[in-house]
Amino acid sequence: MPVETALKWINCNSGDLIALSDEVWRLAEVGLHELKSAEAQASFLARAGFSIEAGVAHMPAAFVATWGCGSPVVALLGEYDALPGTSQKPVPHAEPFEEGAPGHACGHNLLGVAALGAAIAAKAEMERRLIKGTVKYMGCPAEENAGGKVYMVRDGCFDGVDVALTWHPSSVNSVRLNSSLANHQAKFRFHGRTAHAAGNPEMGRSALDAVELMNVGVNYLREHIIQEARIHYVTTNGGGEPNVVPGVAESWYYIRAPRLNQLKEIYARVVRIAEGASLMTDTKLAVIFPGACANVVPNQPLAEALHRNMLRAGPPEFDPADFEFARQMVGHFPEGQYESSIRRMAQAGIDLTGEYLHRSIAPLSLDRTAMPGSTDVGDVSWITPTAQFGTACFVLGASGHSWQITASSGMSIGHKGMLQAAKVLALTTLEVIEDADLRRRAQSEFEREKGGEAYESMIPPHVIEPPDPFAVSKH
Ligand SMILES: [Zn+2]
């Protein structure tokens with residue numbers, strides 16, 4: 001399959017792609033507030049001939065860029081949200097640009113731009129060889145907090161898509177089949193009655209008692225749910241001062257399980273425990289929806305295609321300055337961090353002892369176990385065959401969501417991993433568009449993995465747009 005034009009486009013335009021990723025890195029806008037980052041990418045795509053549908057799924061920072069005609073339709077997923085409190089200069093030791101400001105501590109500036117570059121590169125190849133099909137870049141906001149893709153799925157942005165491809169910046173070049181945990185969040189807000197805690201406590205109905213009793217109930221529940229499930233909570237409102245019986249109190253729960261039907265059952269039991277706590281304390285319960293996402297449905301034929309094309313594109317070509325940067329950064333890691341991370345990778349079959357940057361490509365991992373985290377890619381993978389991979393954009397052993405990730409996402413290590421990812425995505429997009437048999441195999445694997453279970457959005461019908469986690473709390 002000739003793909004020279006696609007690869008040439010990425011090589012010739014690497015300077016513009018790097019400049020765009022650095023612009024998004026500097027903007028460092030948090031989830032649902034990535035308006036300038038979305039605008040910069042949408043206008044880049046518009047200049048390249050894509051038509052733009054802005055503000056989709058009731059989110060100003062969400063957009064869909066489309067080029068081509070008819071089927072097959074391949075969607076490339078992009079993200080561009082930053083994380084609060086992770087500002088950092090592109091240097092190998094901790095040094096924020098601005099203390100407490102947001103930073104790209106998950107590398108999403110690279111994530112979006114690689115997908116964008118791949119979409120335009122695939123277009124260049126399709127134009128030259130008159131290949132029929134449609135390429136879409138999905139501008140997906142708020143992966144880290146609200147789960148923008150879940151809303152885009154619900155509102156039909158992925159309707160008609162044959163295959164979705166994505167990637168995530170990583171410390172290693174690898175394609176894995178692992179699933180993730182489905183996650184349902186909920187805030188349990190109890191309304192009681194305030195009273196003087198010493199003077200007339202008999203008139204009070206403590207909302208905090210309800211929060212505490214609910215936690216006790218859930219902690220007993222743990223023994224009677226599946227081993228792989230996870231439940232964690234924080235108290236977001238525990239009252240004001242001890243001499244006032246708390247009239248309002250609230251906890252925020254994350255409930256996770258490997259599959260949607262398991263999650264649904266455990267979530268329902270947690271809600272019943274909250275109802276029980278409200279009954280015991282004579283308080284009223286309100287259940288508030290902050291977000292949810294499904295588990296990832298793995299797709300082996302697509303993962304094999306990604307791995308094939310990763311071998312074709314080769315690993316990122318780091319130079320001596322990159323290795324020196326990485327060596328210095330490892331010297332600034334907290335004690336034991338590098339060693340424990342290298343040990344974990346060795347257990348997963350990738351032995352990189354003594355290395356600072358990953359310079360080869362890991363063998364394709366066919367392990368389908370759910371990784372103990374969650375992503376909104378999960379919802380996309382329930383409605384269309386989806387696959388993902390990682391390229392080395394971070395120093396080996398770097399800690400997720402830390403200054404170490406922000407630093408390398410804004411300099412040449414991240415840039416090189418991003419350009420490789422763009423090539424892998426472009427090559428795989430073209431393969432999917434040109435190979436009907438691959439699409440058929442991906443589709444039958446998709447049906448088999450779902451095992452007859454129907455996908456249903458976890459967003460309650462009355463929730464139109466994602467709640468903004470950075471809005472000032474009203475309670
Ligand atoms: Zn991320």
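Predicted model: local features only at pLDDT ≥ 70, side-chain atom pairs only at ≥ 80, totals over all residues.
Residues are numbered from 1 along each chain as its sequence is written, and side-chain values use heavy atoms, with hydrogens and water left out.

**Exercise 1.** Find which strands pair with strand E5, and in which sense.

Solution. Begin with the terms: strands (E, at least two residues) and helices (H or I, at least four) are DSSP runs numbered from the N terminus, and two strands pair if DSSP finds at least two bridges between them. Strand E3 (residues 73-78) pairs with E5 in the parallel sense over three bridges, and leucine 76 has leucine 165 in E5 as its bridge partner. Finally, E5 itself (residues 163-170) is mostly covered, since seven of its eight residues are buried, where buried means under 20% relative accessible area, exposed over 50% and partly exposed in between (1.4 Å probe, protein chains only).

**Exercise 2.** Identify the residues that touch the most other members of the largest nonpolar core.

Solution. Such a core is a set of buried Ala, Val, Leu, Ile, Met, Phe, Trp, Tyr and Cys residues joined through side-chain atoms within 4.5 Å. The largest one has 88 residues, of which Leu17, Tyr137, Trp167 and Phe389 touch the most other members. Helix H4 (residues 108-128) supplies the largest share of this core, 13 residues.

**Exercise 3.** Classify the ring pair of phenylalanine 318 and phenylalanine 323.

Solution. Rings of Phe, Tyr and Trp (its six-membered ring) pair if their centres lie within 6.5 Å, and planes under 30 degrees apart count as stacked, over 60 as edge-to-face and the rest as tilted. By this rule there are ten aromatic pairs. For phenylalanine 318 and phenylalanine 323 the centres are 6.3 Å apart and the planes stand at 85°, so the pair is edge-to-face.

**Exercise 4.** Describe the salt bridge between glutamate 447 and lysine 450.

Solution. A salt bridge is a side-chain nitrogen of Lys or Arg within 4 Å of a carboxyl oxygen of Asp or Glu. In this one, the closest N and O atoms are 3.8 Å apart. Both residues lie in helix H14, three residues apart, about one turn of the helix. Glutamate 447 is partly exposed at 41% relative accessible area, whereas lysine 450 is buried at 14%.
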